[in-house]
Amino acid sequence: MATGKTFYLETFGCQMNAHDSEKVIGTLEHEGYERVDSEEEAGLILYNTCSIRDKAEQKVFNRLNDYKKLHKAGKRFAVLGCVAQQEGEKIFDRAPYVSLVSGSASYRKLPEMLDRLEAGETRITGLDDRQTDEAFETEFTSRQNPYRGYITIIEGCDKFCAYCVVPYTRGRERSRTSASVLAEAQRIVDQGYTEIQLLGQNVNSYRDPDEKLSFADLLAAVGQVPGIRRVRFTTSHPRDFTRDIVEVLDAVPTLCDHVHLPVQSGSSRILKAMAREYTRDWYLERIAWIKAARRPISLSTDIIVGFPGETAEDFIQTMDLLAEVEYDCVFGFKYSGRPNTPALTMIDSIPETEKASRLQVLLDRQREIQRVNYANHLGQTLEVMVEGPNPARGQVTGRSTQNKPVNFTSAQPIAPAPGSYAQVLITATHPNSLVGEAV
Ligand code: SAH
Ligand code: SF4
Ligand code: F3S
């Protein structure tokens, strides 16, 4: 059993949340807290939450409910992240045993909030509104991912898509200086990482406050940090996807062969209702640029089905787009009405069963597209970065530069470590993964 100040932290939601948690953990450790593996062992229980869809939010309240009994044993609860910012002080009403509620824009104040918690205060809030223009930079990042170093280059979102909570939960767009991003990239390499992932809700909306580098320039500069072997970036917004991004993908070999470009819908009418600020044709033009790159760039996307007013015809257009682009991965979601968003006032005329059936049709079709795409790798030798063992199968699992999962066997007596690289001959393919042998 750990003694002294201990904490348990669980993260929900996107990679930005996962990386925020690394910074929160670093901050807590700097304040003298020790991390433990379960709620039962911890003095302070923190949930870093997500509210992107109804189910994500419900998960958080279920978890709080499951463990509220621990409050009687003197444990304190903190709710961080997007549900915290969205619900604010209402969380104290719904879960009175929670002592601290903070959105991501207030994490700079965590040390001070922790002091107040230790002094016995019970309703501590960090709920910056969208006015903040400060990024969450901390020297106390405690990196939890053994093979990938995350760098948030831009926080928040100013796009206000009609369905989305993010602009309300994460505040306005604010970028870090290119100098500080490059310094962090160097630190990550010095710690032994060879893969970096640049993060932002809209990573390519990046604007250097010092006006030195464009997003494409920054991508190239990170890719040229000595020691870097792989650079990923997510999520790109079609509206800000400029041609020079493809040019640097062509020019800098360390940039991975993958672009995640969420389309949301294949119907320009629905895109307009969503306030996505682009049309189907505009999107497909960017896809054509990416497909014309000198090396094969893998494409993935996010799609929402059943947005208010989506007709059968609109949905067919999404299906057509799927067939045209031939993505390697699609994250499909049923539209979920969210608090504060304009779409909530639109008539949500599509029954849940219809949304579910559209999603199924979409995912079934996509599976067939991927079956073909993945089969093209049969007989190829791919460079795979090892992520860890896959004990169920006695294999090692990792990813190709195109972000495709590869499960492989290795003749070495000691399994290759996370973060190491292997050349893998692909001997079998599935719609979602590749299988092979290290050569
Ligand atoms: N900034 C990124 C997306 C971040 S949110 C972009 O604009 O592309 C991740 C995904 O969640 C979105 O791409 C969208 O497909 C989905 N999503 C967001 N809000 C949603 C909602 N209210 N209902 C269903 N899916 C939603
Ligand atoms: Fe949400 Fe749209 Fe911003 Fe993406 S661009 S985070 S979908 S508001
Ligand atoms: Fe969820 Fe917030 Fe990320 S709502 S998806 S954790 S930005």
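Ala275 counts as partly exposed at 32% relative accessibility, where buried means under 20% relative accessible area, exposed over 50% and partly exposed in between (1.4 Å probe, protein chains only). In this predicted model, local features need pLDDT of at least 70 and side-chain atom pairs count only at pLDDT 80 or more, whereas totals for chains, interfaces and linings use all residues. Residues are numbered from 1 along each chain as its sequence is written, chains are lettered from A and ligands numbered from 1 in the order in which they are written, and side-chain values use heavy atoms, with hydrogens and water left out.

Ala275 is not a glycine, yet has a positive phi of about 60 degrees. The residue sits in the loop between helix 10 (268–273) and helix 11 (280–291); helices (H or I, at least four residues) and strands (E, at least two) are DSSP runs, numbered from the N terminus. Asn403 also has a positive phi, near 75 degrees, and belongs to the loop between strand 15 (395–399) and strand 16 (405–409). With a relative accessible area of 23%, Asn403 is partly exposed. The peptide bond from Thr234 to Thr235 is cis, with omega near 0 degrees, and Thr235 is part of the loop between strand 10 (230–234) and helix 9 (243–251). Most residues other than glycine have a negative phi, and most peptide bonds are trans.

The axes of helix 11 and helix 12 (residues 312–325) come within 12 Å and cross at roughly 10 degrees. Axes are lines fitted to C-alpha atoms, for helices over the stretch in contact, and angles run from 0 to 180 degrees between N-to-C directions. Helix 11 and helix 12 are therefore roughly parallel to each other (angles under 35 degrees count as roughly parallel, over 145 as roughly antiparallel, 65 to 115 as roughly perpendicular and the rest as oblique). In helix 11, Arg280, Tyr283, Leu284, Ile287 and Lys291 meet Gln317, Asp320, Leu321, Glu324 and Val325 of helix 12, contact meaning heavy atoms within 4.5 Å. This contact comprises five nonpolar, one polar and four charged residues; Ala, Val, Leu, Ile, Met, Phe, Trp, Tyr, Cys and Pro count as nonpolar, Asp, Glu, Lys and Arg as charged, and the others, Gly among them, as polar.

The residues around ligand 2 include Cys157, Cys161, Cys164, Gln201, His237 and Arg276, a residue being near a molecule if one of its heavy atoms lies within 4 Å of it. The shell of ligand 2 has seven nonpolar, three polar and two charged residues. Around ligand 3 are Cys14, Asn17, Thr49, Cys50, Ser51, Ile52, Cys82, Arg170 and Gln201, with four nonpolar, four polar and one charged residues by class.
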